[in-house]
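Hi,

Here is the structure I promised to pass on.

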Amino acid sequence: MNKKLSIFGLSEIKNEKIINVEPLKGGVSCEIYKVDTTTNSYCIKKALKKLRVEKDWYADPIRSYYEYLWLKKTKKIIPNSIPKVISYNRMKNYLIIEYLNMSKYSNLKEDLLKGKVDLNNLNKLAKKLLYIHKNLKSNYNKKIFQPHNFNFIKLRINPYLLELNKTYPELKKYINATVNLLRNNQHTVIHADFTPKNILVSKNKQIILDAETANYGDPSFDIVSLINHLIIKLLFVNKNKKSFALALKKIFNTYHSSVTWEEKQDIIERSKTLLPLMILARVDGKSPVEYIKNNKEKNKLRRIALDLIKIQNYDFDTFVNNL
Ligand SMILES: Nc1ncnc2c1ncn2[C@@H]1O[C@H](COP(=O)(O)OP(=O)(O)O)[C@@H](O)[C@H]1O
Ligand SMILES: [Mg+2]
């Protein structure tokens, strides 16, 4: 059989004939495929205009271009933790990335849901995040990534944070103040979807994927995203609570204690202010966590978040110890 295979009008990659195309299980915002050629495998990714969610939700697909830029830049900073990007097609807005041999990796979200907590791996991940933030801070990168801040507002600030005003009108002041903190602390390029589902791990290795919301913003958003997901898993996985708690304290400290672009205390305060709203966003925002279904569990998260908002200047380690 001599079937001509193509994807997005492409029948060859680097002069290698495409012999197989198969969709990958992605999130809600992209088309993503594994493409085999006669000699290699690639991953082709294209951001969707309309996200695959229940309510109509649109976002500019130029995200693929910013993912391309982020991959290019971070590959130079932490080469072993970033898949190699082959090219970006500006006309058709898709990315070609090296295909990672998935039999070598597990997805961090899946590991954590099984209660597998690798302290060393998570700590290295926090260090890498810090390293990326440190190295991408520049006026040049600001010029490149700031034009993409509108998608951060559309995909993060509005659906996660401002959405909460509907359920919690009494928090309006707190929510607005937090959003202003994010807006007014544009220190470096942030990933903006730095959550376990977008991290692949193997022994001693961490691979970071899915930077389509990359923008010039507040780095506290990234570390809080990771911490938030770990907190929710600590509460609902019912396994290895102590390891989760240890990892949370370690990550929080590793990241914040090495910040150099601003006063450490300033970013710590912002992270602590943002965290309860990010917890609430996973229950009452536009993108709730899919594995928490019953109201008792949802209320537990709500209570934890609202308590944190009430206690001004809580101690992070004490908070985690009491979870
Ligand atoms: N370069 C790659 N090589 C192999 N698999 C990949 C690669 N990039 C993504 N994937 C797989 O596709 C999934 C979705 O990719 P991701 O970039 O997170 O897209 P989405 O925006 O759809 O979440 C990943 O969790 C991973 O399993
Ligand atoms: Mg993803």
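A nitrogen atom of ligand 1 sits 2.8 Å from a polar backbone atom of Leu100, and a nitrogen atom of ligand 1 is also 2.9 Å from a polar backbone atom of Glu98. On the side-chain end, a polar atom of Asn198 is 3.1 Å from an oxygen atom of ligand 1. For polar contacts I used pairs of N or O atoms within 3.5 Å; within protein, one must be able to donate a hydrogen and the other to accept it, and residues adjacent in sequence count only if both atoms are side-chain atoms. There are 18 residues around ligand 1 (a heavy atom within 4 Å), and those coming nearest are Gly27, Lys45, Glu98, Leu100 and Asp210.

Before you go further: this is a predicted model, with local features needing pLDDT of at least 70 and side-chain atom pairs pLDDT 80 or more, while totals for chains, interfaces and linings use all residues. Residues are numbered from 1 along each chain as its sequence is written, chains are lettered from A and ligands numbered from 1 in the order written, and side-chain values use heavy atoms, leaving out hydrogens and water.

Now the domains. The chain splits into domain 1 (12-99) and domain 2 (104-321), with bounds from an automatic or database domain assignment. Their centres, taken over C-alpha atoms, are 24 Å apart. Together the two domains bury about 2,300 Å², 69% of it on carbon and sulfur atoms; that is accessible area (1.4 Å probe) lost on putting the two parts together, summed over both. In domain 1, Trp57, Tyr66 and Trp70 lose the most area to domain 2, together 31% of what that side buries.

Across this interface the rule finds ten residue pairs in polar contact (both at pLDDT 80 or more) and three salt bridges (a side-chain nitrogen of Lys or Arg within 4 Å of a carboxyl oxygen of Asp or Glu).

Lys45 is worth a click. Lys45 forms a salt bridge with Asp210, closest N and O atoms 2.7 Å apart, and another with Glu212 at 3.6 Å, N to O. The structure as a whole has 14 salt bridges.

Cheers
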